[in-house]
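Student: I would like to learn how to read the features of a protein model, one step at a time. Could we begin with how the terms are defined?

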Amino acid sequence: FMRQKHLLSLVLVLLWLTLVVCFYMFLSATDRTFETFFFEIYNFIQKSGGWWVAFFVILYCIRPLFFIIATPFDVLSGLIFWFWWAVGVSLLANISSIAFSYFVGYSTAGKYVAIPKRFLRLKKMEGKIRENTFFHILMLRLVAFPFDLLSYLCGVFKIPFRKFWIASLLGSYPFTFIALTAGSAFHGKDVYSFAELTQNMNYTLL
């Protein structure tokens with residue numbers, strides 16, 4: 001029975017890695033960089049009418065599967081939506097993404113595999129988080145510990161979801177707010193590269 005559980009966990013992880021490899025092979029085969037892909041998404045959402053919020057939230061939610069950091073998408077929310085819309089949409093996207101990453105970690109490993117004792121650092125980290133879940137997760141978010149990695153690990157550790165989720169949301173949103181504010185400086189303008197964002201930043205909003 002335990003062997004079957006480990007086999008299922010291995011199959012899920014392999015499927016996940018296959019998905020990641022296929023995505024980056026697609027970028028390579030179509031001669032796209034992440035930057036061009038990002039702004040293609042931006043232009044598509046701009047033209048998608050009433051579906052833009054749902055499409056953006058879905059993209060934000062599944063991006064951890066492809067190891068894409070959240071910051072470009074937070075900037076994207078500011079670019080696409082009016083400032084206060086961007087705040088609401090990013091909040092919804094963060095809520096969904098944090099939960100999604102946690103349950104990916106839980107379902108691919110946490111549900112079936114305990115952290116072996118030989119991985120001493122991970123065991124120590126798990127122990128610290130269990131000791132004071134809310135405080136340690138909040139601090140890890142505020143010191144910018146890799147966003148999705150922490151969500152995956154907490155799923156693997158089987159950390160109580162409610163405390164993890166609330167602390168994650170409070171700890172990560174300051175960085176989200178800064179990024180979407182930066183994007184809001186260019187709301188309604190045509191932007192085709194990250195260089196344009198950095199060279200023409202409206203620091204008044206920041």
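Tutor: Let us start with exposure: a residue is called buried under 20% relative accessible area, exposed over 50%, and partly exposed in between, using a 1.4 Å probe and the protein chains only. At 36% relative accessibility, Glu40 therefore counts as partly exposed.

Student: What should I know about the model before going further?

Tutor: This is a predicted model, in which local features need pLDDT of at least 70 and side-chain atom pairs count only at pLDDT 80 or more, while totals for chains, interfaces and linings use all residues. Residues are numbered from 1 along each chain as its sequence is written, and side-chain values use heavy atoms, with hydrogens and water left out. The pLDDT is the predictor's confidence in each residue, from 0 to 100; here the protein chain averages 81, and 83% of the residues score at least 70.

Student: How many helices and strands does the protein chain have?

Tutor: Helices (H or I, at least four residues) and strands (E, at least two) are DSSP runs, numbered from the N terminus. In the protein chain there are 10 helices and 0 strands.

Student: How should I read a salt bridge?

Tutor: Side chains of opposite charge can pair when their charged atoms come close. The rule used here asks for a side-chain nitrogen of Lys or Arg within 4 Å of a carboxyl oxygen of Asp or Glu, and the count comes to 3 salt bridges. In one of them, Glu40 pairs with Arg32 at 2.9 Å, N to O, and Arg32 is partly exposed, with a relative accessible area of 27%.

Student: Which residue forms a salt bridge with Arg63?

Tutor: The partner of Arg63 is Asp148, with the closest N and O atoms 2.6 Å apart. Arg63 lies in the loop between α3 (52-62) and α4 (71-80), whereas Asp148 lies in helix α8 (residues 147-157), so the pair ties together parts that are 85 residues apart in sequence. Both Arg63 and Asp148 are buried.

Student: Where do Glu126 and Arg130 lie?

Tutor: Glu126 and Arg130 both lie in helix α6 (residues 120-131), 4 residues apart, which is about one turn of the helix. In their salt bridge the closest N and O atoms are 3.3 Å apart. Glu126 counts as buried at 13% relative accessibility, whereas Arg130, at 40%, counts as partly exposed.
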